[in-house]
Amino acid sequence: MKKKINISKTSSQRLITYGMVIAAWIILEIFLHTGLMSSHLEGLLVPMAYYAIVAVGLNLCVGILGELSLGHAGFMCVGAFSSALFSLLTVGKIPDGLRFILALFVGVLFSALVGFLVGIPVLRLNGDYLAIVTLAFGEIIKNIINALYLGVDSKGVHVSFESLMALNMEPEGTVLINGAMGVTGTPHDANFTIAVILLLFALVIVQNFIDSKDGRAVMSIRDNRIAAESIGIPVTSYKMLAFTISAAVAGMAGVVFSHNIATLQSTSQYFGYNVSIMILVYVVLGGIGSIRGSVIAASVLYLLPELLRGLNKYRMLIYSVVLIAVMIVNWAPGVIEKRTEFFDRIRKGIKNGAA
Amino acid sequence: MALLDVKDLSITFGGLHAVEEFSLSIEKGQLYGLIGPNGAGKTTVFNLLTGVYKPTQGSIILDGRDITAHSTEEINKDGIARTFQNIRLFHKLSVIDNVKTALHREFEYSTFEAMFHCGRYASVEREMEKKAIEILKVFSLDTVSSILSSNLPYGQQRKLEIARAMATGPKILLLDEPAAGMNPNETAELMETISLIRDRFGITILLIEHDMKLVSGICEHLTVLNFGKILAEGDTKEVLSDPEVIRAYLGDDE
Amino acid sequence: MSFLTTFVNGLSLGSIYAIIALGYTMVYGIAKMLNFAHGDFIMVGCYIIFLFSSNLGLPPFISILIAVVLCTVLGITTERVAYRPLRNAASPLAVLITAIGVSYFLENLALLIFGADTKSFSSVITWSGLSLFNGELQIQGITIVTIAVSLLILLVLQLFVHKTKEGQAMLAVSQDRGAAMLMGIDVNKTITLTFAIGSALAAVAGALLASAYPSLTPYTGAMPGIKAFVAAVLGGIGSIPGAMIGGLVLGIIEILSRTYISSQLADAIVFGILVVVLLVKPTGILGKKIQEKV
């Protein structure tokens, strides 16, 4: 009896999250089709969805694995560029729908691979060092792609870190990445519905993972690494697994990103560590470890200031103050103690009142 | 042949001989006590046996296999499980999830099945749940299975740690001061549980304990450690009446 | 000669990194936290000097003094309000995330007050510098002052830590906070003092940084701050001479790779060094190893 209740409880929690996302999608689609939505707001829907996807991925790393990554924008960058290149090369050769699905595979695969490679050195560290090294890797990825010139012609692939001229291309060759000018001409394959479907997909994978033996193993490492080792949990492999999945999810968001933008550039504005920090803000304000919270926080915090134009100037300031306040209220031992005392008193008060 | 055979185990920390030439032989099914004054090196022995520290010298043979060089994780697989003096539970996981986590080796499904909850996922999880409840029942923790482990009272946290260690299916269980912080009633109950683990599940037990009532009550054999060296070893009654042990352990004035 | 000029430029940038890294490494060594907002303290210092010097026309020296005082107050306040409550939090991530929040706060506050447009900072050093080898090697005044100031700070800090009671207390707290407390050392006071010194250094670094690179935005301090942390790690976190060496090495590498390899890849190279150091010698050049207790 008890067992059944337990299982259905966690799965119903998951279903609520999916339902929420679908409901939000339906409402926004209605607004879209009835013309109630400004074109400005319309343009924000896809970004809102891909930031929600990254937030879900980052929360797997921060909340479940318990390691702070400041490099997820870098994984997003890898997913964006690898899939954009694939689409650019295959446009007109593969039917549109199939092409996007394949591009998705390419983007996710590459970001997972980079996540895995980055994870090998990074996961030997912990705490502050891990955070700063993920930041370093994110910046390395962004800077390398920003400096990269890539082209193909009949002689093959040309790579340079200097200039377009240095590629030495035949005149009829195609330039794929034009250094800091980035990638142009990626087919506009993504739209709000596709972004929502992928958000749901990310949610399924991450939430299911958490509620599985793998997820429990990862959380046990988070809670007490020494105890996890003592019961034979292969700590390194589980850390790698969670980190890789987390990077792959961020890469998936990158695929949506690159197929929704005319010119894809590897700049700080899109893929710098500040973006990683902004996503971290979503994760923290949505609740560290709460996947549903991440989706809500990412969507609301992304849209809200755009809706309340007057707020826009102050939004980052407000977010930062709220972030600090949330951390202190939720984590400071002194505050936790006072909070518990306070609630105990209220509870007693209610009891006494009832009696 | 002894189940656990430890020979001449030594470790030094920056010139300090924390444990020196420690030897120990435990037969299968024995309930063995490791005692000694504070700072004698008992927990260090546990850390050596479980691969947390690597000995500077000596060997550890479990069931005929040399496991001296094995990692903590491998040693658990080899058949040694432990608890900790300062409780180390997975505090943000529920009671039952603490035990289920420890069942990870016995139950198998792939990461793909984990991500999509397909294939073996449902049936294996159900089996895991059943097994975990069974183990929790031994410690009368089945009624609190869905509570967050950090919300358990202290005595039950200690028990849960033993349950978690047991769930990994060890040949030998190392308990580091299992009765620490328990009241006499809880200790008595714990003694029964420890005996039960040995008798019903056939698990050999090595425990560190300061509570002499518990030690003399359930341990058949004792090794006394003082300043990192073995002071005495043998049958519980004999060891505890050894005047040298009494002097070292209780101090001259008693 | 052009190599020498480049090298001296690297030394100059390295000296600025070193001053920032000194603040970082002291705070990390003693308070055991990565003050992610440290770089933004620099930016605050820059804006204060800009405000008093360029807008109100005060002499540079007075403006720097005001900036040092205000940054010290900022550092102490931040520690007291945002970091101290979280010192014994269950997760070590809590205080780091809060520090990121403080960094975010300062940047956006500056954005709100001063706007996103670049302010051109007029150098606090008016000396034009030296001309050596018949003018083949030009060393700017700011470069010489920067290097001299950083060496002076290193010297004073070393003397302070090893010769004064407060400095000894810092060493004690950095080695074992609990034991230091039992020995009667006021840990809170010591950590406050550490933040005060670190933040004061940030203001000095700000004056030098903005004089050498005179465009000022709310994000001016962020990247140098992170790179200075890399320098502190490179030198061995917690080590004062280590921070100096790390800063100089990093500055030289950055300028050399900017000149001889690629200006776009220079940052990637700097961060690459961090990764390599942490892999090969995680404790840095002059750091010590710490083992976890079971």
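Predicted model: local features only at pLDDT ≥ 70, side-chain atom pairs only at ≥ 80, totals over all residues.
**Entry 1: confidence in chain C**

I looked up where confidence in chain C is lowest and highest: strand β2 (residues 130-132) of chain C has the lowest mean, 72, and helix α3 (residues 60-83) of chain C the highest, 94. The score is pLDDT, the predictor's confidence in each residue, from 0 to 100. Helices (H or I, at least four residues) and strands (E, at least two) are DSSP runs, numbered from the N terminus. For chain C the mean pLDDT is 88, and 97% of the residues reach 70 or more.

Residues are numbered from 1 along each chain as its sequence is written, and chains are lettered from A and ligands numbered from 1 in the order in which they are written. I recorded an ipTM of 0.92 and a pTM of 0.92 for the model.

**Entry 2: chain B as a whole**

I found 10 helices and 10 strands in chain B. The C-alpha trace of chain B spans about 65 × 40 × 35 Å along its principal axes. Of the 254 residues in chain B, 45% are buried (20 or more other C-beta atoms within 10 Å of a residue's own, the C-beta atoms being placed from the backbone).

**Entry 3: the sheet of chain B**

I traced an open sheet of four strands in chain B, in the order β2-β1-β4-β5, with antiparallel pairing. Two strands pair if DSSP finds at least two bridges between them. β2 (16-26) and β5 (65-66) of chain B each have a single partner strand, so one side of each is left without a neighbour in the sheet. Strand β4 (residues 57-62) of chain B pairs with β5(B) over two bridges. I noted D66(B), in β5(B), as the bridge partner of I61(B).

**Entry 4: two helices of chain A**

I examined helix α3 (residues 72-90) and helix α5 (residues 127-147) of chain A, whose axes come within 7 Å and cross at roughly 35°. Axes are lines fitted to C-alpha atoms, for helices over the stretch in contact, and angles run from 0 to 180 degrees between N-to-C directions. On the α3(A) side I listed A73(A), G74(A), C77(A), V78(A) and F81(A), which meet F137(A), G138(A), I141(A), K142(A) and I145(A) in α5(A). Contact requires C-beta atoms, placed from the backbone, to lie within 7 Å.

Terms used. Contact = placed C-beta atoms within 7 Å. Buried ≥ 20, exposed ≤ 12 C-beta atoms within 10 Å, placed from the backbone.
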